[in-house]
Amino acid sequence: MKFAVALLASAALALSFPSVLAAQPRGQVDTVDPSLPTQLPRTAVPNHYAITVTPNVAGLTFEGTVAIDLDVIKPTRELVLNAADLKFASATLRSAKGGAVLAGRARVNGDEQTATFTFPRAIATGTYRLTLAYSGKINTQANGLFALDYKNKEGKDARSLFTQFEAADARRFVPSWDEPDYKASFDLTVHVPTAVMAVSNMPAASSRPISGGLKEVRFQTTPTMSSYLLFFALGDFDRITKPAGGKEVGVVMSRGNGSKGQFALDAEAQILPYYNDYFGTPYPLPKLDNVAGPGQSQFFGAMENWGAIFTFEYAILNDPAITTEAGRQDIFVVEAHEMAHQWFGDLVTMAWWDDLWLNEGFASWMEEKATEHFHPDWGADIDRVGAREGAIGLDSLNSTHPIVQQVRTVEQANQAFDTIAYSKGESVIAMLEDFAGPDVWRDGIRRYIAAHAYQNSRTTDLWAAQESVGARGLSVIAKDFTTQPGVPLMSIGPVQCVNGSTLVSLTQSQFSADRRDPAAASPLLWHVPVKATTGGAVAKTVTAGRTTQLSVPGCGPLMLNPGQQGYYRTLYTPQQAAALAARLPQLAPVDQYGIISDSMSLSLAGYQPMQTGLDFLGAMPANGNAKVVQRILGRWDDLFERMDGDPAAQADIASRVVRAYGPRLLQLGFAPKQGEPAVDALLRPTLIGLLGKYRDPAVLAEASRLFAAWKTNPDAIPGSLKSTWLGVIARNADAATWDAIHERARATTGTVERASFYQLLGRAKDEALARRTLELALTDEPGKTISSGMITAVAAAHPRLAIDFVLAHLAQVNQLIDISGRSSFMQRLAASSRDSALIPVLQDFAQANLAESDRKPVQRAIDRIRSESAQAPRIRSETLAWLKLHP
Ligand SMILES: [Zn+2]
């Protein structure tokens with residue numbers, strides 16, 4: 001699964017099958033590990049599901065039957081399955097050996113999401129077929145079987161159906177053993193209107209007309225897989241295809257959008273052969289589709305259903321009317337992520353949600369690896385450091401958790417999809433690959449995939465595979481970084497130049513943003529693979545204990561973590577920091593960005609004065625690497641926001657940024673240039689957005705000129721910059737401007753473009769307009785999945801206003817968010833706040849609305865606000881002093 005990404009990201013989904021089946025072990029008794037947590041009694045295991053579903057598209061209900069071939073492993077009178085929002089009409093059980101058919105009585109437990117079928121007598125161990133007739137609901141948010149409404153090519157109301165089952169929503173579609181270790185094969189048959197297209201994991205085996213204007217589509221049998229990977233979609237679709245890696249890749253989207261799917265299709269065709277080679281096991285299914293759906297979710301952007309990835313349109317369709325360069329690049333990255341899951345997650349699946357990071361950390365790492373391979377000019381290495389910084393931001397708070405964590409409830413499984421699983425997972429894997437060496441690491445991955453194909457695995461299985469191919473010592477490092485929370489801190493002692501080498505002593509501690517003293521008093525310790533250089537050869541070691549002596553070839557300014565693959569912070573002495581800052585312009589871009597981030601973060605947390613971090617920030621050349629400059633602008637803006645309430649200081653920062661980076665924008669130009677480097681095309685919208693925010697007259701004048709032209713001609717602004725320029729306008733909007741954007745949102749039929757306009761309405765700085773956006777979000781006008789994004793857009797500039805509004809309309813707002821995303825929605829809304837007055841509001845919300853075990857996301861928001869507001873006075877006064885010293 002791929003995180004929900006902001007729609008307006010620029011500012012911040014028929015070979016012969018039996019031969020495949022015969023080669024794989026089945027989901028048998030011995031593959032279910034009795035030590036795993038489960039909500040289901042270990043009395044039976046499913047081997048095969050034959051499901052038939054008839055959706056009532058208009059009525060938002062469906063009828064289903066399922067015949068489950070299962071083994072009873074302990075004599076029992078009842079069978080317990082997962083089921084949610086399902087009603088049962090009949091249940092029968094028959095032994096594979098024949099004999100009497102037993103009728104079962106159904107009892108549903110809504111809280112536990114189970115259905116228990118009790119039979120008139122005890123069932124002996126053996127093989128049976130359980131047949132159930134049931135009915136269910138079609139949801140309007142992305143849980144289970146759900147509907148997405150849109151305007152079709154002719155401007156008429158249309159509705160498509162899709163499924164979303166991870167983590168625990170297959171049980172809303174089919175009564176099942178809905179836990180990842182209960183792998184089974186699936187036959188899906190659907191009765192659907194003749195005119196529409198039905199898509200599932202496997203190609204259709206047959207399609208024939210049946211009564212009532214329906215057709216029966218029977219899909220081929222899936223391989224053995226976890227229930228959360230099953231998929232079904234139905235709609236007025238186009239499907240475009242290409243041969244790749246011996247299979248067929250395809251993109252499925254609403255009719256008339258075929259050309260917009262081409263970029264994603266080309267990406268799939270590039271990536272599949274690359275992954276076939278990298279993983280050493282060829283992609284096993286006959287086809288791989290990526291199915292696009294209109295709308296969005298607060299929980300996810302794309303989902304790796306085996307053979308049928310689902311992706312919201314904004315993250316897969318390349319729409320010349322609205323897709324930004326960042327959005328276009330994201331299409332490739334999302335494909336690379338979801339396709340990596342076809343092996344890592346789908347072919348080999350974590351045994352339980354405790355190891356979710358194995359899926360997500362790995363796919364996040366692999367997306368950058370594939371991007372670097374095919375698009376070395378996109379700066380994926382810088383993005384990886386960005387992921388590390390995002391992870392450390394959370395991992396340095398008291399409320400963090402280890403990568404491998406205990407998950408016991410459905411809600412905890414949903415919450416496990418967090419920045420620690422994705423970004424810390426990615427960062428730690430990058431560090432381990434660097435330690436093992438890329439060839440050894442790839443061999444380890446190949447062995448791991450081959451050893452666990454069609455089965456489940458645990459984190460330690462991956463380390464064992466790596467050690468077995470030669471990555472000796474890797475398990476110890478991996479264990480420390482996956483079972484302990486937090487971030488190592490390396491403090492560098494005085495250095496000595498002896499015989500042309502630099503001798504240095506490293507002291508290990510723990511970096512904490514909100515409990516510096518307790519962390520220093522009793523820090524966790526890690527085996528950290530450390531690298532150091534003075535500009536020439538690189539010295540390597542693995543720390544063991546508190547202090548480590550290191551001899552680095554050459555004498556000169558010492559730099560730890562060259563290449564930035566290490567997951568730790570480095571604290572230099574003031575003299576070392578000054579020497580390194582002087583060398584910053586000569587360093588590799590990835591190191592420039594890594595060191596500036598490291599130092600700013602240490603300053604903000606109080607490990608060193610703000611001056612040290614700001615000296616690094618100020619040393620970044622404005623004409624430096626475009627991707628680094630883009631990130632550095634974000635750092636400046638963070639500082640700007642931290643000066644909220646001090647207009648003079650904000651004006652100082654704004655004019656400094658305009659002065660330093662305005663010429664870079666002039667050089668790039670206001671409009672896209674044919675054939676320009678991809679990173680320039682990324683930097684332009686960032687500069688326009690930030691300089692527009694800082695009210696640079698040249699940018700504001702161009703924004704006004706373009707807006708005036710756009711009001712009469714929708715093509716007046718280049719599509720790749722439309723949301724950027726309109727973002728500048730929307731931010732400074734008056735009522736008439738807001739009305740004009742609203743009017744265009746109503747008139748637009750392109751689903752991605754239309755959703756973008758609704759979200760733009762949420763950008764207004766004017767509080768009255770922000771209120772109007774919130775009120776509009778609660779109406780039926782924007783569409784069921786668009787409204788929540790409007791609320792988050794408002795929260796960026798008006799967090800308290802948005803949170804108060806949501807609390808006042810909580811029941812209504814909850815209907816606008818998929819179930820899986822509800823408990824973390826409040827954290828999202830609070831993301832831009834540093835107001836300690838919000839803490840009791842968040843505490844009250846959590847207490848009133850969330851089980852104690854489900855409060856982690858809100859607690860993180862509270863921890864962050866608390867630490868940032870505690871540091872604010874010092875940060876403010878030290879920053880003001882630095883600004884004065886550096887006019
Ligand atoms: Zn994922």
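## Getting started

Helices (H or I, at least four residues) and strands (E, at least two) are DSSP runs, numbered from the N terminus. With that in hand, let's take a walk through a few spots in this structure.

This is a predicted model, where local features need pLDDT of at least 70, side-chain atom pairs count only at pLDDT 80 or more, and totals for chains, interfaces and linings use all residues. Residues are numbered from 1 along each chain as its sequence is written, and side-chain values use heavy atoms, with hydrogens and water left out.

## Histidine 337

Start with helix H3, residues 325-341, which is where you'll find histidine 337. Is this residue buried or exposed? Histidine 337 has a relative accessible area of 0%, so it is buried (buried means under 20% relative accessible area, exposed over 50%, partly exposed in between, using a 1.4 Å probe and protein chains only).

What does the side chain of histidine 337 reach? The backbone oxygen of methionine 1, at 2.9 Å. Setting aside neighbours within four places in sequence, histidine 337 is in contact with Met1, Lys2, Glu360, Ala363, Ser364, Glu367 and Tyr422 (contact means heavy atoms within 4.5 Å).

## Helix H20 and its two partners

Now look at H20 (residues 735-747) beside H22 (residues 767-777): their axes come within 11 Å and cross at roughly 25°. Axes here are lines fitted to C-alpha atoms, for helices over the stretch in contact, and angles run from 0 to 180 degrees between N-to-C directions. H20 and H22 are therefore roughly parallel to each other (angles under 35 degrees count as roughly parallel, over 145 as roughly antiparallel, 65 to 115 as roughly perpendicular and the rest as oblique). On the H20 side, Ala735, Trp738, Asp739 and His742 meet Leu769, Arg772, Thr773 and Leu776 of H22. Sorted by class, that contact has four nonpolar, two polar and two charged residues (Ala, Val, Leu, Ile, Met, Phe, Trp, Tyr, Cys and Pro count as nonpolar, Asp, Glu, Lys and Arg as charged, and the others, Gly among them, as polar).

H20 also packs with H21 (residues 751-761), at an angle of about 155° and with the axes 8 Å apart. H20 and H21 are therefore roughly antiparallel. From H20 come Trp738, Ile741, His742, Arg744, Ala745 and Arg746, and from H21 come Arg754, Phe757, Tyr758, Leu760 and Leu761. That contact of H20 with H21 splits into seven nonpolar, one polar and three charged residues.

## Helices H7 and H10

Next up are H7 (residues 419-436) and H10 (residues 474-483), whose axes sit 11 Å apart at an angle of about 165°. That makes H7 roughly antiparallel to H10. Which residues meet here? Lys424, Val428, Met431, Leu432, Phe435 and Ala436 of H7 meet Leu474, Ile477, Ala478 and Phe481 of H10. By class, the contact of H7 with H10 holds nine nonpolar residues, no polar ones and one charged.

Glycine 566 lies in the loop between strand S30 (559-560) and strand S31 (569-571). With 4% relative accessibility, glycine 566 counts as buried.

Last stop: H14 (residues 610-619), whose buried residues are Met610, Thr612, Gly613, Leu614, Phe616 and Leu617. What covers them includes H12 (574-583), H13 (589-604), H15 (626-642) and H28 (856-885).

Terms used: Polar contact = N/O pair within 3.5 Å; in protein donor to acceptor, adjacent residues only side chain to side chain.
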